[in-house]
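Subject: Structure handover and notes

Dear colleague,

Please find below the structure that I promised to pass on to you. My notes on helix packing, a pocket and some backbone details follow it.

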Amino acid sequence: MNMLKIYGRSDSSNSAKVYWLLDEIGQTYERIDCGGKFGGNDQPAYLAMNPNGKVPTVVDGDVVVWESNAILRYIASRHKAVSLWPEDAAGRAAIDMWMDWSATTLTPPLGRLRKALKAGEEFATAPVFAAFQLLDTHLEGSRYIAGNQFSIADIAAGANIHRWTLLSLEKPELKNIAAYHHRLLERPAFVSRIAQSLS
């Protein structure tokens, strides 16, 4: 089997969640630092693999995968991590819903808010608060995002959850998200790849 190659960087949340999954399943890989201060993601060779010029990108023999959530699904399926990505359609749909929700509803407004805070600009908190309130309500009856078992839905959202705890502004107290974040902190791979690597 070819050594899995991951083009990315440790301080990229999208790259970090791929490293987190690989640590969870004990899969070895070669990390190739790329993007941000490392550069290289605008070079023709990289763009031939990933036309978006973003990280991460996974190369597994002849297979190239980009978009971090697609990578999570690919790796979990490729390495038969059925506890994180079940084989049945209903189980996958439950995870897929929340992975897509995280990518479309949670990540964009949080990213805009973080950039505005960093730049000292005005910002809109309502979309961010609404998304996290929805998740907090959902977690009232669920230990993890897609049910009571940890899955790649949690890996997809984990960086956002951690960054919510770090936001330096007045925000609602969401007790279910706080408890959920504490559960994630019990996972060594979350601590090393997310809590200790992302600001």
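Helices and strands in these notes are DSSP runs, helices being H or I with at least four residues and strands being E with at least two, and they are numbered from the N terminus. The model is a predicted one, in which local features need pLDDT of at least 70 and side-chain atom pairs count only at pLDDT 80 or more, while totals for chains, interfaces and linings use all residues. Residues are numbered from 1 along each chain as its sequence is written, and side-chain values use heavy atoms, with hydrogens and water left out.

Backbone details

Most residues other than glycine have a negative phi, and most peptide bonds are trans. Against that background, Lys80, in the loop between H3 and H4, has a positive phi near 55 degrees. Glu67, which sits in the loop between strand S4 (63-66) and H3, is likewise not a glycine and has a positive phi of about 75 degrees. The peptide bond from Val55 to Pro56 is cis, with omega near 5 degrees, and Pro56 belongs to the loop between helix H2 (44-49) and strand S3 (57-60).

Helix packing

For the angles below, axes are lines fitted to C-alpha atoms, for helices over the stretch in contact, and angles run from 0 to 180 degrees between N-to-C directions. Angles under 35 degrees count as roughly parallel, over 145 as roughly antiparallel, 65 to 115 as roughly perpendicular and the rest as oblique.

The axes of H3 (residues 68-78) and H4 (residues 89-119) come within 11 Å and cross at roughly 155 degrees, which makes H3 roughly antiparallel to H4. Their contact (heavy atoms within 4.5 Å) involves Asn69, Leu72, Arg73 and Ser77 of H3 together with Arg92, Asp96, Met99, Asp100 and Ala103 of H4. Sorted by class, this contact of H3 with H4 has three nonpolar, two polar and four charged residues, where Ala, Val, Leu, Ile, Met, Phe, Trp, Tyr, Cys and Pro count as nonpolar, Asp, Glu, Lys and Arg as charged, and the others, Gly among them, as polar.

H5 (residues 126-138) and H7 (residues 175-184) have axes that come within 7 Å and cross at roughly 75 degrees, so H5 is roughly perpendicular to H7. Here Phe132, Leu135 and Asp136 in H5 meet Lys175, Asn176 and Ile177 in H7, giving three nonpolar, one polar and two charged residues.

H6 packs with H8 (residues 188-195) at an angle of about 65 degrees, their axes being 10 Å apart, and H6 and H8 are therefore roughly perpendicular to each other. Gly158, Ala159 and His162 in H6 meet Phe190, Ile194 and Ala195 in H8, and the residues of this contact divide into four nonpolar, two polar and no charged.

The largest pocket

A pocket, on a 1 Å grid over the protein atoms alone, is an open set of points where a 1.4 Å probe fits, with protein on both sides within 12 Å along at least five of seven lines, and its lining residues have an atom within 4 Å of a point. Grid points are joined across faces, edges and corners, and a volume is the space filled by probe spheres set on the points. The largest pocket holds about 1400 Å³ of space and is lined by 41 residues, of which Ser13, Asn14, Thr107, Arg114 and Arg163 lie nearest its centre. H1 (13-25), H3, H4 and H6 (152-166) each supply at least two residues of that lining, and H4 gives the largest share, 11 residues. By class, the lining has 13 nonpolar, 18 polar and 10 charged residues.

With best regards
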